[in-house]
Each structure stands twice: as structure tokens, then as C-alpha cells.
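Me: Please take a close look at the aromatic rings in this model. I would like the pairs, their geometry and their surroundings in one connected answer.

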Amino acid sequence: MIFSRLSVRVNSGSVTTVNSPVLVALSRGALVGIFAVGLLAIISGLLDLSDSGNDTPSFLIFGTLITICCAYLTRYVSEKKLNRSESFLAVTSGFLSSILCSSFIYLFMTDEKNFANALFESTAAFTTTSLTVIDFGMSGNGLIFYRTASQLFGSFAAILLAVMVLPIADNNSRSLTSGRHATQETFPDRRKALKSIASIYLVSIVLLTLTLLTTPVDFFEALLLSISSISTGGFSISSEHFGNSSVQLLLSAGMITTGMSILVIWRLVSGKIYSAIRSSELHAYFLLIVVASLLLFLWSDEGGTSSLSSSLFIALASISTTGFHIPPFGNWSEATAFLLLFLVTVGPMSLSNGGGFQIHRLRILIAVSFRELVRQLHPRAVVKIIIGDESIKEERVREVVVFQFLFTSVIFLTAIALTISGMSMYEGVSSSITAISTAGPIRNAEGVIIEVSSFSVGERLALLPAMISGRLYLIPVLISIGYLLSEARTFLRPRRRLLQAMRSDPR
Amino acid sequence: MTGIALLFVSAGIAVSTLVSLFDKRVDFIALLTATVVIGLLGAFFFTSTKLGKTDQASIFTAVGTTWLLVSLVGTIPYLLAGTFTRAGIGIPEVLVDSLFESVSGFTASGSTVFGLHNTIESQGSGILFYRQLTQWMGGMGIVVLVVSVLPSLRASGLGLIDAEAPGAGVERIAPRVVETAKKFWYIYASLTLLIALALFISGMGVFDAVSHALTTASTGGFSTKDSSIGYWNSGAIEIVVMFGFLISAINYTLHARSLEKKRLDHASDPEFKSFVGVVATGILFITLLLIKDGFSVGTALRNASFNVVTLATSGGYGNALGRGEAGDFASWSGSTQLLLLFFIIFGGCTGSTSGGVKIMRLRIGLAHSYRILRSIRRPRALIQARMGNRTIPDSLVERVAGFVIVYGVLVIIGTLILTALGTDLITSLSGTFSTLGNMGPGLGEIGPTSSFVDGFSAPGRLLLLLFMLIGRLEIFPMLLMFVVPYRNSVKNIRNIKRDTRDL
């Protein structure tokens, strides 16, 4: 029993199960991730029957195989409760496994023969980053649906992480996302949370698809646009419809919804309208949308209602981090470029589908800066940070400060990696901000969209860590890495291992 | 306090007037007039004001007002000598340029509006010496200078120094505040003398050696030549300048302690160790990147060392012979520029003459992040953020966080306004960082061989000079200097209302 922490299998009744905490977390996450990919593949295969059906066999075989394998392997993983670090590791592992597994679909079912590109496409899809390197122009409906639906899976996983895993994992003292009490009040148990969020997703997509059918968009494209909009993935096979004002306005409505906190949406649909519209974060979110749209409209120098709707659309695509690919205005100033980068960095409300820093955190930081101004005048004053009606705990403030520090560090390190390979400073910084905020597209200073396919393989790979950590709210990924490193260190130090084993088994 | 500060400025201009005597007396009359006018103003302020309330808000008002007034009167020599008057521009732009140069001088920023349109070398030595002297006076701090000669300030002296000094507070190095201020100035003056001597030995003329010593010790970066240090193209001079900058960018308390103990006490300071580590790593990385971009090993090492040191210490000299030459970092690759931007942002150590966010704040940020990540993993563990052997109190972390956030907000606002005024994003962003950090040059259109006139319109320069003042006083005193006047005016309005009601 000396090596109990290492033990991979412990006999538990008739089934031998994986019992090491690290391996339980890793395998549990991986099985869920791969299982989801299998399900997605089966659905996509069936949907491909509406088109040529060429990809149906491949999708069905792949999907069925991996779902059966995962279902079978589940019995070998212990059902023990995971602690905080293990929960984070499980989520990260699940996310990475689905990305890796999905990249094989792109590798074998498209013309893409470069694994790095397949991996990038898969990561962009699951992290809901509006970047693509594969040309889906000639692909069947099944594959296009798979690409689009992966975004929904990624977005759904992220919101579940924010609503379920993070608050439940830290019942004792702290929270990583905003409104822990409100989250637990609204979704007291996991099952209810899962059901509620899934129903919100489903209803939003159905409603948006149906309304899009009133515009010159066919059903399949309407479905894709709805999924891309609600999941904040921003993937679309063509951008021709984005010029249409009615499409723009409908998608804008979708993006406004997806940028709202899931709590606010749930309160709205469950009739607690007053409680929902009282949210000060919601007010800030709308204020940001209005101010950004007006500034873009003024700077575009074009005038007219179509320009106003384009401004709103571009502002929302940035704030919600959806990132639909819309060509730049005729008059694209440097201020427009900076404003869009700022909006992408800030992102939408917390507990929404979007990425970025998120408005609640930004408000906490602004409150911290005001507190500092007050403290300069009254050094001994006890100044609490109050956002809306909520008094923010100091622990939460410190976490937000750390989040800001880490967020900036990841942007800087990614930008360094990109510029080393020859990218200009502007493009490097802009790409890294886009990646960590899981937004898109990447634009140059003139607003022209830079295709990621023009990037070198190294540059594309350099974006992946930022995309993944950005989608998983950064801290869980870092905690997972720290946990893995610490376990590896324990594994490599026999004396420490012995001590731990003695502690766990005094015999 | 403002009166004494103005008298010091007047004395500085008087010295410059004497220097102009050796130079065909080009600016003699202008400088003499400025000496008299500013001297009279200083005397007037000194005699007509008395020490009032010394709460925190009043201290901010006093320090902020002093810096504003000194910067304003600092334009007088430029205006009288017609330094920035040229064909095709109006009086408002001349005023903006004079104020920009004056603020850049006193805040020891080193950003300049001289350029190909109006060269430095075409100016008289009196004006040039005055320009260098403004940086020297501002480098250690006008308020520190005033406190060292004004014993009547007593306890509020430390508060005043604290409001002006860069970093998270000033440590007393002597029992009395006046003694502390004097010690700082003695070290500063001695260092200046040493640098001047070393520069002279390295091959500079007396005038240039003294002028550059003034702006090296203050980590200001003004030069008497258009191509700055690049004019001499001398490795020895560059080494002297680098050492000068490095010593000046280290906490002066460490220097004072070392002098007191008669042995170097620097290695025990965690901030010093981090600073040296960061600079060395920066030099190494940038040298490698420059070699990758096709520079020879020697050229890469020389240019990387000089420019990393000059930016990490917020010095701001350039060693490029011209635009696009080897030392012009604005023409280097994206990765090197991004690394240099890091140095532009963070600058040197607290309690030194350098600007920027400071390495200590970076270290506190790192230590705090590590602590929070560990405490999330182990919620029941009592984990402290540490720097060296010392525990970092939460109050200090909060102060640092508050400072960095306000800094960030100012950068975003500044960049947005500058880009809206038509400047490109990289120039705007680096210009904002550079001026807030009192750095001098930036990237894009405001590289080491460029003028701020090339990069920014007059309103843009006006905003940047405001940022230099805000950055020099580490943000808060400048932002809060209007609290007392605001309170007073509210009180007055209330009194008037009450009187009216009584009537």
C-alpha cells in the first residue's frame, strides 16, 4: 500500500476500478468529453441524410464506437466524490479530450491532412472562437452541422462549469464566478441547473431559427446561424447574409440574449421580471452596447439606418464574443479598431455564454480603483466594495484582481509567442486578445479580417492555450496544471510518497 | 511651498543664464528676464502664503499645485527665447509645445517636441542647459527639495514627500524628515557629479558631460544632441550612461543604507534582485531576437543592452544614429518591441528617480496570484504572499491593485482619445504608457529618433503632458488635488445659501 496514490486499480467487488484521485478525475472527464463527441457525431451523421448522406456511415460508425466504448469504460472508474482540484482537472480533461477526439473527425472527413490544422479547427469549435482554417465550402451538411454543434457543446460545457462546478466546488469559502449565492438560489441542484440551462438553449435556438426563416435564409442556414449566435461561436459558411439588415437585427437579438447572464434569462422566463431587470450588471451591459454602437456609428461616418444596424451588429459581435465575420466599414479608424479590441476584452455579463473578462469583474475592478482613491484621502477608512445591491467580499475582490493579472499575462505571453514567429505587434496582441476572449475574427488595424489559414502552424498552435484557458475561465485550467504538477512531483519523490502513504494507511 | 519651489526654478534659470554667457549670449536676455520674473513670483507666493491644514487632501492639493505651477512657469524661458516659434504654426501650438517640453522636463520624462522641424542643436547652450536642469530638479523631486530647506513643514514633510515619491511610500533614513530629504539630495548630487566626471573621461566635452549627467541621474533622457547618445557612437559613453541609469533606478534608501553601513546592502533587497534579473533576462532575450533578425552578435548585444536599460530605468536616451538605424527600436521586429513595451510599462524600482508601474508592484502581483491559486487548491491552508523574507500585507496588495487598475483605466481612456484624434494604435498606446511612466520615447511614430510632434496633434500632446504630470506623482495626488478646492467651494456655496436664507 505504500504506492496507494499511484495505484491505478483497486479491487472493488467484482469490478476492478481506477481509484487514484488524479486518474479518476482525468478518466471521468475524458469519458464524458469523448462520449459527447460520439453523440454529436451520431446526430450529425443522421442529419447528413438530409444532404448527400456521404458522411453518414463514417459519422455513425465513429460515433457509435466511441459512445459504446465510453459507456463500457465508465464502470471501471470509481464513483468517489471529487474535491475542488479534481473537479477542475476533470472538466479540463473532458474539454481537452473532446477537442482531441474531434480533431480526428476533421482529419479523416475533410480534405485537411495536417493534424495541427484539424486540432486548431476542433479547438476553435469547442472554445467557441470564431476562427477557422478548414474550408467547409464543399463539405456535406453533416460535417458543417458537426462543426457548428461543437460550439454549442463547448459553450454549454463552459456555462455548466460556471454555474455548477465552480460554485459547488467551493461551498466553503470562496467563489470564482460572480453571484455564487444567486446561482445556488436559482439552481439549487445540479439536475435542475442542467435542465434549466438546456431548455434555455433549446428554446433560444428554436425561436431564433424560426424568426430567421422570415428572412431570405433557408432552414439549414438559419439553424446554423442560430446555433452559432447562441453559442457565441460565430461560425458560418458564408457571410453574405450579414449584409441584410433584418438578418443583422435578428442575430443582434440573439447575441444580446446570449450575452446576458443565465440567471437573468432564467428569472425572465420564470416570470421574475422585476428581479431580472433590476440587475445592475444588466444595466451596465446595455449601457456598453448602446455607447459602443453609437461610437461605432459616429466613427463610421456613413449615416443612415443600415449603418446604425451594422454598428449595433459589430458591437454586439464583439461584446458577446460571437465574432461573426462582417467586412469593415468604409471609414475604419484606429479608434474603431481599439474600441473593438476593448469590447472583445471586456466581453458580456458573467455567467453568460460569452468569453472575455466579463462586465461584473470589470465593475469590481472599477470599484477597487474608486476605493483606492477614497483611501488615499482617508487612509484608515474601511471602504466596502458594493456593486448594485451586493457587497462584494474581499476574497472575491482578490480573486478578480488575480484573474486580471493572469488574463493580462496570458495575453502578453501569447502575443510574444506570435510576434517571435514574425507577426507584427498589433496583429500579435490583437490575435491573443481574440483567442483568450474566444471571440474573433482577427482584424488588422484597417479592419480587414486576417484569415488564420495565413498563419504558420506554430502561430496557430500558440493560440490554442489561450483559447482553451479563456473558455474555461482561466483559473480552473491553472489549478489543474498546478495539481498535475504537484502530483507528478509527489510521484517523483519516493520519500514524500512514502510519508503520504503512511499518513493514509497507518498500518 | 510653491513659492520656494519657484525660487528654486528661478535659481536654476539663473545658472542657465550664466551658461548662456559662454555661448554668444544667444538666450541671455530671455533667461535673465525669466529668472527675474519667476524669482519675483516665487517671492510673492512665499511671502503671501502660510502653512495651513495638513490633512491628506491638502497635501495632494499642495503637491499638485506646486507641480502645475512649476510646469507652467517653466515655459517662460522657452516662450521668451522663442524656442518653439516657427513659421506656419500659431501661438496656441507654441504654447502647447513649450508646456509639453517644460512638463516633460520637470517630470523627467524625456519626451520631446524637438525634431527635424526644429532641431535641438540649433538652440543656444543656455536654453539647452535649462532644459537639462529641469529634469534634474524634477528627477529627485521638487517637493523633496523644498522639504529639505523648509523645516517648518515638520510632520507633514513625510506626507509631502510620500505624495511625490514613486513607489509605495518613503522610508525614513534619518530621524528627521528634513534630514531624510537632504540625504536623498546629497546622494543625488554626488551621483550626478560622478556621472559627469565619467562621461568627461569617456570623451564628452565639459558642457555635454555635465548636461548629460543631469539627465542621467534623473533618468530623464533629454540630450543636447538630436541623435541623443548616438551622436558620439561611443561604447564607453553608452556604458557610463547605462551604469548611471541603473544606479539611479534603484531605491535611494538602499544607497543611503549602504553608505551608512559602508558596505553594499543592495543584494538583500528582493526588488533589487528582481529588477536586475528582469533587466538581464530582457537583454538576453532581445539580443537573441535581434541576432535572429540578422544583427551581428556585437551590434545586437550593444543595442539590446542600451535600449533595455534606458527603457527599464525610464531613462529614454537613444543610441541610434538616425531613423531605421541599428539602435532605432521603433523599427525592430514585433517581438522585441513587445518586450520593450514591457519595460516601458514597468520601469525601475520604487523610491528611485525612474518611472513606470515599478518592479515591486509586479512582484507583489505575482506573489499574490500564486497565493490565491494555492489557496483555491487548499482552502483551509493559511497561505501568505511573500516577498523575500517579508510577508506582504493584504492592505499593500489592495493598494497595488488599486494603483494598477487606475493606471490601466487611464491607459484605456488615453489610447481611445488619442486614436480618436487620428493617431495610430501602437503610437497611441505606447505614447500613453510612455508618458504615464515618464519614460520618454515610445513605439511607432514616437521612437527614439522621433519627435512627439510627428506622432500626435496639439490636443493629443496636451493630453499626454497631463499624463506625464499624473504619472510623475504616481496618479493619485494629481487626480485628487481638486478635492480641497471642491470642498471649499461647496462650503462657500452652502454659506452663501445660508446667508441668503437668513436675509
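Reply: B:Phe207 is partly exposed, because its relative accessibility is 28%; buried means under 20% relative accessible area, exposed over 50%, and partly exposed in between, with a 1.4 Å probe and protein chains only. This is a predicted model, in which local features need pLDDT of at least 70 and side-chain atom pairs count only at pLDDT 80 or more, while totals for chains, interfaces and linings use all residues. Residues are numbered from 1 along each chain as its sequence is written, chains are lettered from A and ligands numbered from 1 in the order in which they are written, and side-chain values use heavy atoms, with hydrogens and water left out.

Rings of Phe, Tyr and Trp (its six-membered ring) pair if their centres lie within 6.5 Å; planes under 30 degrees apart count as stacked, over 60 as edge-to-face and the rest as tilted. Over all chains, this gives 36 aromatic pairs. One of them joins A:Tyr72 and A:Tyr76 edge-to-face, at 5.7 Å between centres and 65 degrees between planes. A:Tyr72 is partly exposed at 46% relative accessible area, and A:Tyr76 is partly exposed at 26%.

B:Phe129 and B:Phe207 form a tilted pair, since their planes meet at 40 degrees, with centres 6.2 Å apart. This pair links distant parts of chain B, 78 residues apart: B:Phe129 is in helix H6 (residues 125-140) and B:Phe207 in helix H10 (residues 206-217). Helices are DSSP runs of H or I, at least four residues, numbered from the N terminus. B:Phe129 is buried, at 8% relative accessibility.

In chain A, one aromatic cluster is formed by A:Phe59, A:Tyr106, A:Phe136, A:Tyr146 and A:Phe235. A:Arg147 lies over the face of A:Phe235, 4.3 Å from the ring centre; a charge sits over a ring if NZ of Lys or CZ of Arg is within 6 Å of the ring centre and within 35 degrees of the ring normal.

How values were computed:
Helices (H or I, at least four residues) and strands (E, at least two) are DSSP runs, numbered from the N terminus.
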